[in-house]
Amino acid sequence: MINEIVSFANNVLWGEYQVLIYILVLAGVWFSLRLRFIQLRHFAYMFKVMKGSTQGDKSGISSYQALCTGLSARVGTGNLAGVAMAISLGGSGAVFWMWVIALLGMATGFAESILGQLYKVRDDHKEYRGGPAYYIRAGLNKPWLAVLFALCLFLGYGISFSAMQANTITDALNHTFDISSVYSGAVITFIAGIIVMGGLRSIARFAELIVPFMGLAFILAAVAVTLINIQQVPAVLMDIFNSAFGLTEAGAGALGAAIKNGIQRGLYSNEAGAGSVPHAAAGATPVPNHPVAQGYVQMLGVFIDTMVLCSCTAIVILLAQGNIGSEMEGIRITQNAMTHHMGMSGDMFVAIIITLFSFTSVVANYAYAESNLHLFKLDNIYGRTSYTLLYLGMVYWGANASLKEVWNMADMALGLMTVVNISALMLLTPTIVNLTRDYQVKLKTTNKPEFKLADVKIQGKTEDGVWS
């Protein structure tokens with residue numbers, strides 16, 4: 001019965017009715033227009049705002065740590081296995097639609113991240129908490145909708161997503177090193193438990209150490225593969241664009257598959273609009289001290305994740321001359337492609353990289369769901385212990401579950417989260433626009449715009465003492 005419910009929900013969200021396809025595109029276009037294509041106009045400023053981003057205070061993490069935490073959740077299965085699945089199901093044209101949804105998603109990610117900052121709260125430990133459930137409750141005064149999002153988040157990030165990431169790790173290690181998923185799953189669960197016990201700051205410190213290293217290593221490997229096969233690159237790029245618009249021999253029949261799988265796996269990768277990254281954004285102490293500063297930081301995260309890292313995976317696979325495997329091979333498609341380019345060392349390289357990529361996602365997912373315990377008054381030793389045990393149990397279960405079973409559950413959870421979050425973002429558009437306008441006006445007169453609540457008309461109210 002559970003499988004039937006999951007299948008029905010996914011059919012509405014992703015399948016026959018493709019509700020999420022329309023919602024994501026609509027939201028991306030809406031915020032791009034309302035913010036006057038901020039992702040293009042202020043593209044260079046995204047990098048500039050990172051100056052001084054390593055600074056933070058005792059109540060939160062630094063903007064750089066928030067970026068790394070956001071990337072640690074984004075950069076995972078979607079970047080390697082997800083891209084491979086998009087190509088195998090939708091053809092090379094799916095890559096183009098991943099780029100499109102990322103470009104539009106940068107504006108959506110900007111919008112949700114500044115709301116995460118604006119409506120953040122301090123918990124009993126004087127640490128910042130925030131996310132869609134918080135800005136839905138405070139900004140829209142709709143506690144029932146906030147609870148609905150939080151429940152979807154627990155189903156996604158608290159249960160199925162970490163299981164999916166663990167599944168990808170164990171599959172890669174089994175394929176390359178013949179390590180039993182029983183043993184690798186136990187090790188993953190044990191190490192994750194040690195890290196998450198330290199809370200958001202512990203997870204942020206871990207992400208800040210691992211994410212830059214793993215990202216740079218993968219980019220350098222992809223650049224090397226590209227340079228070795230540089231003569232084939234123009235043909236690959238031409239194939240991407242032709243396939244994206246149904247201009248290849250497969251014709252228009254493949255166009256729908258390219259759009260559907262490109263957008264679906266693009267969302268998995270960059271998570272723009274899903275409502276996950278605002279949790280990391282809320283935990284940051286932004287520099288300059290303005291909610292919009294964190295919007296630029298997380299907008300950069302969407303760019304790095306999809307436009308850079310996913311493109312690296314795509315070029316490696318497409319340069320492998322069609323050696324991409326069958327429909328549900330997942331991470332093995334990417335491993336096969338890298339082996340084609342680098343021999344057995346390529347297979348081992350991908351296994352190690354996906355282990356790092358996915359493991360950082362496993363621990364970041366914990367932080368996102370755990371931050372919502374405060375909403376239910378469960379931010380105590382009993383609530384945290386119960387959630388932690390459930391989370392670790394699902395990590396171990398996912399390590400030994402079937403790939404299709406895990407992905408289907410994750411599809412449904414992500415879809416439900418996105419529907420609720422984007423609905424809230426649309427209703428909070430006036431606040432998003434007013435905040436952005438306030439920042440940009442002040443930016444013209446000072447290098448470090450300071451946020452003052454009295455200067456901006458917002459919907460609802462923020463917690464007393466967080467913003468003066």
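Lys-377 is exposed, with a relative accessible area of 68%. That is over the 50% cut-off for exposed residues. This model is predicted.

**Loop residues with positive phi**
- Lys-377 sits in the loop between α17 (344-370) and α18 (381-400).
- Its phi is positive, about 60°, although Lys-377 is not a glycine.
- Phe-37 also has a positive phi, near 50°, and is a residue other than glycine.
- Phe-37 belongs to the loop between α2 (19-34) and α3 (38-41).

**A buried glutamine**
- Gln-65 is part of helix α5 (residues 63-74).
- Gln-65 counts as buried because its relative accessibility is 13%, and buried means under 20%.
- Leaving out residues up to four places away in sequence, Gln-65 touches Ala-204, Arg-205 and Glu-208.

**Helix α10**
- Helix α10 covers residues 181-196, which makes 16 residues.
- At 1.5 Å a residue, α10 should span 22 Å. Its end C-alpha atoms are 22 Å apart, so the two values agree.
- The buried residues in α10 are Ser-184, Gly-185, Ile-188, Thr-189, Ala-192, Gly-193, Ile-195 and Val-196.
- The cover over these buried residues includes α9 (143-177), α11 (199-228), α17 and α18.

Definitions and conventions
Residues are numbered from 1 along each chain as its sequence is written. This is a predicted model: local features need pLDDT of at least 70, side-chain atom pairs count only at pLDDT 80 or more; totals for chains, interfaces and linings use all residues. Side-chain values use heavy atoms; hydrogens and water are left out. Helices (H or I, at least four residues) and strands (E, at least two) are DSSP runs, numbered from the N terminus. Buried means under 20% relative accessible area, exposed over 50%, partly exposed in between (1.4 Å probe, protein chains only). Contact means heavy atoms within 4.5 Å. The expected span of a helix is 1.5 Å times one less than its number of residues.
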